[in-house]
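Dear colleague,

Please find below the structure that I am handing over to you. My findings follow after it.

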Amino acid sequence: MQEKESSIEESTRHLVHIRASQMNGCGFCLDMHVKEAKIHGERELRLYHIPIWRESTLFSPRERAALAWTEILTKMPEHGVPDDIYDRVRGQFSERELSDLTFSVMAINAWNRVNVAFQTEPGSADKAYGLTKAGLS
């Protein structure tokens, strides 16, 4: 599935990609996805609040569910996904949306691991990906 075919709105996908990249310590992906989010109109304060999404009032219940799902799948607990998190996510996402969200989380985690392993330099692909438009370089 290509991201443009996803049933998950672009703004939520940006939040998911940024949060997973933060958790995985992937500087390249974090840098890239923050710039993409900025280009697509994300407010700066929300970008700053992603690590504190639980305390922040800037995220909708749907976004909070997506961030919780991202965190639980990124750092999978020994006994799997707790029922309360699954129930919260299912309350916000249809079956197709949850599938698309899960694949988005899986994909960013894979990309994080590749870029961490190969020590890809943050910002090194800005020109190729058109990220200089973000004005953050």
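This is a predicted model: local features need pLDDT of at least 70, side-chain atom pairs count only at pLDDT 80 or more; totals for chains, interfaces and linings use all residues.

Residues are numbered from 1 along each chain as its sequence is written, and side-chain values use heavy atoms, with hydrogens and water left out.

Helix H2 (residues 27-39) packs against helix H6 (residues 95-117) at an angle of about 125°, and their axes are 8 Å apart. Helices are DSSP runs of H or I with at least four residues, numbered from the N terminus; axes are lines fitted to C-alpha atoms over the stretch in contact, and angles run from 0 to 180 degrees between N-to-C directions. The two helices are therefore oblique to each other, a term for angles that are not under 35 degrees (roughly parallel), over 145 (roughly antiparallel) or 65 to 115 (roughly perpendicular). Phe28, Cys29 and His33 of H2 meet Ile108, Trp111, Asn112 and Asn115 of H6, with contact meaning heavy atoms within 4.5 Å.

The whole structure contains zero disulfides, a disulfide being a pair of cysteine sulfur atoms within 2.5 Å. The sulfur of cysteine 26 has its closest cysteine sulfur in cysteine 29, at 3.3 Å, too far for a bond. Cysteine 26 is buried at 2% relative accessible area, and cysteine 29 is buried at 1% (buried is under 20%, exposed over 50%, partly exposed in between, with a 1.4 Å probe and protein chains only).

Glutamine 119, in the loop between H6 and helix H7 (126-129), has a positive phi near 50°. Glutamine 119 is exposed, with a relative accessible area of 70%.

With kind regards
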